[in-house]
Structure formats: structure tokens, C-alpha cells
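The sequence and structure come first.

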Amino acid sequence: MTRREQIKNAYKMTGGQANFYDGMMTYSTVLGKAICRIVWNMDGKKNLQYLEKALSGIPENYVGKLLEVPVGTGVLTMPVYRDLPDADITCLDYSEKMMESAEKKAEAAGIKNITFLQGDVSALPFDSGSFDIVVSLNGFHAFPDKEAAYRETYRVLKPGGIFCGCFYVQVGHKRTDWFIRHLYEPAGFFTPPYETEDSLRKRLSGMYREADVTAVEGIGCFCCRK
Ligand SMILES: C[S@@+](CC[C@H](N)C(=O)[O-])C[C@H]1O[C@@H](n2cnc3c(N)ncnc32)[C@H](O)[C@@H]1O
């Protein structure tokens with residue numbers, strides 16, 4: 001199954017019954033679609049585009065050690081992991097409640113090769129160089145200690161390993177910036193300071209041997225090699 005089909009499957013997995021969060025992340029409910037368009041200036045095509053970029057570091061038929069942090073409800077990644085039965089996957093999140101939902105999805109999809117762990121990205125409970133791939137979707141704009149998160153995700157990667165994912169970057173779209181500042185930040189979903197596409201490129205290029213950074217509206221997507 002191609003990556004595009006896997007992502008589309010994530011949309012189908014939630015369908016009309018998706019809860020508010022999953023529906024928004026997968027552009028699959030009426031309210032979710034409205035939020036994507038109004039807040040993020042994204043239609044289904046742009047949603048697919050940013051997710052493909054963010055997940056581009058995971059090869060098809062991947063068999064190595066992968067860490068995802070934060071996994072959240074797992075809505076975007078469980079359909080990908082379903083097609084990686086030989087990979088050794090660890091999913092970590094601060095919120096047990098969010099992760100409970102990811103565990104249910106894994107169980108429903110018959111995925112057996114994932115270890116779920118409650119934890120903090122700023123103090124990852126792993127030895128240095130433990131993983132071949134670290135995936136981080138929509139986490140860095142929420143993490144309170146971003147410097148520690150950059151440090152830790154780098155530390156647990158093996159030399160030559162891949163760090164890929166995405167998160168909100170400011171100045172990508174004015175309306176998005178307004179909503180973040182006036183709604184998402186006061187509600188505690190997002191925590192400043194934020195990167196711009198340029199500052200993220202500069203930061204990751206300074207840390208990693210290779211760093212590919214592109215933004216789709218207000219979402220910065222990256223794929224780096226240590
Ligand atoms: C917007 S959600 C993203 C979830 C998922 N990756 C996605 O794209 O749907 C942000 C997640 O970050 C988690 N989180 C926030 N601070 C964290 C921390 N310090 N360590 C680990 N996870 C954290 C939250 O619990 C939440 O599940």
C-alpha cells in the first residue's frame with residue numbers, strides 16, 4: 001500500500017464517527033473540515049500533502065527501531081504501522097488518555113509490534129542512539145521545553161538515523177497565527193516560542209547532517225538525517 005493510500009485510510013478509519021480531535025486531524029468530519037479550512041487554510045489536498053512530507057522518512061516495509069513522540073491518539077500513524085509488521089515500534093506520550101485511544105486503534109487494527117509508554121519528550125527513558133527513526137507529528141508547538149525536546153530526540157537517534165515530522169510554524173498563514181495566539185495558546189494547546197519555516201530550517205541544518213524543511217501553509221514539515 002502506498003503512503004498516500006495509508007494516509008487516506010487514516011481518514012477512513014475515523015470516518016463520520018471520528019471524535020472531534022481525530023476528525024480535525026484527518027479532515028474527515030464536517031467540523032474537522034471547517035477547522036482545517038478556517039484555521040489552517042487547508043483543504044483535503046493540502047492536508048494530504050503535509051502528511052506525506054512529514055511521514056516521508058519512514059520507508060515502506062521498514063524493519064528497524066522507530067520511536068514516535070508524541071503519539072497522541074495515533075490517528076495519523078496507526079494506518080502506517082499496520083503495514084510495518086516487522087518494525088520495532090515505541091510510541092510515547094505525556095497524556096495517558098490520548099494514548100489510550102492510540103492503543104485501542106492498534107488493537108482494533110491487529111498491530112502487535114508497538115510498545116506504548118507514558119513519558120516526557122524532554123527526558124526520554126532511552127539510551128543514546130537507540131532508534132533508527134524518530135517521528136514527531138504536531139508535538140513541538142505543544143512541548144513546553146522545546147530545547148530539551150530537540151536535544152532528546154537527537155540524542156536517542158543512531159548516527160545516520162532519520163528524524164521526521166511536522167508542527168506549526170508561524171508566518172505561514174496570517175489567519176492561522178491569529179487563531180493560535182487568541183485561541184489555541186490561551187487554551188493551553190500550543191506553547192510559545194514558535195519556529196518559522198526559516199528558523200526551523202536553520203536550526204535543523206545546524207543539528208543534522210542533512211535537513212529538508214518545507215512548509216505547507218502554517219505547518220512546517222521536516223526530514224533530517226543525523
Ligand atoms: C497536538 S497532539 C499531537 C498528537 C499526534 N502526534 C497527532 O499528530 O495527532 C500533541 C500531543 O503532545 C503531547 N505532549 C505534550 N507535551 C508533551 C511532553 N512534554 N512529552 C510528551 N508528549 C507531550 C500531548 O499529550 C498530545 O498528545
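Strands β6 (residues 210–216) and β7 (residues 219–225) run antiparallel and are joined by seven bridges. Two strands count as paired if DSSP finds at least two bridges between them, and strands (E, at least two residues) and helices (H or I, at least four) are DSSP runs numbered from the N terminus. This is a predicted model, in which local features need pLDDT of at least 70, side-chain atom pairs count only at pLDDT 80 or more, and totals for chains, interfaces and linings use all residues. Residues are numbered from 1 along each chain as its sequence is written.

**The β6–β7 hairpin**
- Glu-210 has Arg-225 of β7 as its bridge partner, and Ala-215 is bridged to Gly-220 of β7.
- Two residues separate β6 from β7 in this hairpin, and Glu-217 in the turn has a positive phi of about 50°.

**The sheet**
- Seven strands form an open sheet with mixed pairing, in the order β3-β2-β1-β4-β5-β7-β6.
- Because β3 (114–118) and β6 each have a single partner strand, they stand at the edges, and one side of each is left without a neighbour in the sheet.
- On average, neighbouring strands of this sheet are turned by 15° against each other, direction ignored (axes are lines fitted to C-alpha atoms).

**Thr-77**
- Thr-77 lies in the loop between β1 (65–68) and α5 (78–81).
- Thr-77 counts as buried because it has 29 C-beta neighbours inside 10 Å; the cut-off for buried is 20 or more other C-beta atoms within 10 Å, with C-beta atoms placed from the backbone.
- Leaving aside residues up to four places away in sequence, Thr-77 touches Glu-68, Val-71 and Val-135 (contact: C-beta atoms within 7 Å).

Key: A residue is buried if 20 or more other C-beta atoms lie within 10 Å of its own, exposed if 12 or fewer, and partly exposed in between; C-beta atoms are placed from the backbone. Two residues are in contact if their C-beta atoms, placed from the backbone, lie within 7 Å. Axes are lines fitted to C-alpha atoms, for helices over the stretch in contact, and angles run from 0 to 180 degrees between N-to-C directions.
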